[in-house]
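Open your viewer and keep the selection tool handy. We will go stop by stop.

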Amino acid sequence: MLGHDATPEMRERSCSGYRDLLGDLGIASYADLRQRGEQIEACLPRVWDVAEAILAANQDIEDA
């Protein structure tokens, strides 16, 4: 979105902040970003299992 709709100043300010955030997360390169994405994808089945267990243990939870 920023690449197409933002002013150059807004794009630079936002991209700089995004790079800072990634750096704080230990992501310094595209390879780091890909690796982190793969790690997240690998843990999603476990997150889903835990969510289902929480729902099963709490029958009062309803779908919205």
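Select α2 (8–24) and α3 (30–57): each supplies at least two residues of a nonpolar patch. This model is predicted.

Now show the side chains of Tyr18, Leu21, Leu25, Tyr30 and Leu33. Together they form that nonpolar patch on the surface, with about 530 Å² of accessible area.

Click on Tyr18. This residue lies in helix α2. Is Tyr18 buried, exposed or partly exposed? Its relative accessibility is 46%, so Tyr18 counts as partly exposed. The cut-offs explain the label: buried means under 20%, and exposed means over 50%.

Move on to Leu33, which sits in helix α3. Leu33 has 34% relative accessibility, so this residue also counts as partly exposed. Leu22 and Leu33 are 11 residues apart along the chain, and their C-alpha atoms are separated by 8.4 Å.

Next, select the whole of α3. How far apart are the end C-alpha atoms of α3? They are 40 Å apart.

Last stop: colour by pLDDT. The protein averages 88, and 92% of the residues score at least 70. Among the elements, α3 has the highest mean pLDDT, 95. The lowest, 70, belongs to helix α1 (residues 2–5). Where pLDDT is low, the predicted coordinates should not be read in detail.

Notes: Residues are numbered from 1 along each chain as its sequence is written. This is a predicted model: local features need pLDDT of at least 70, side-chain atom pairs count only at pLDDT 80 or more; totals for chains, interfaces and linings use all residues. Side-chain values use heavy atoms; hydrogens and water are left out. Patches are made of residues with over 30% relative accessible area and no salt bridge: like charges are joined within 9 Å, nonpolar side chains (Val, Leu, Ile, Met, Phe, Trp, Tyr) within 5 Å. Accessible areas come from the Shrake-Rupley method with a 1.4 Å probe; for residues, only the protein chains shown count as cover. A salt bridge is a side-chain nitrogen of Lys or Arg within 4 Å of a carboxyl oxygen of Asp or Glu. Helices (H or I, at least four residues) and strands (E, at least two) are DSSP runs, numbered from the N terminus. Buried means under 20% relative accessible area, exposed over 50%, partly exposed in between (1.4 Å probe, protein chains only). The expected span of a helix is 1.5 Å times one less than its number of residues. pLDDT is the predictor's confidence in each residue, from 0 to 100.
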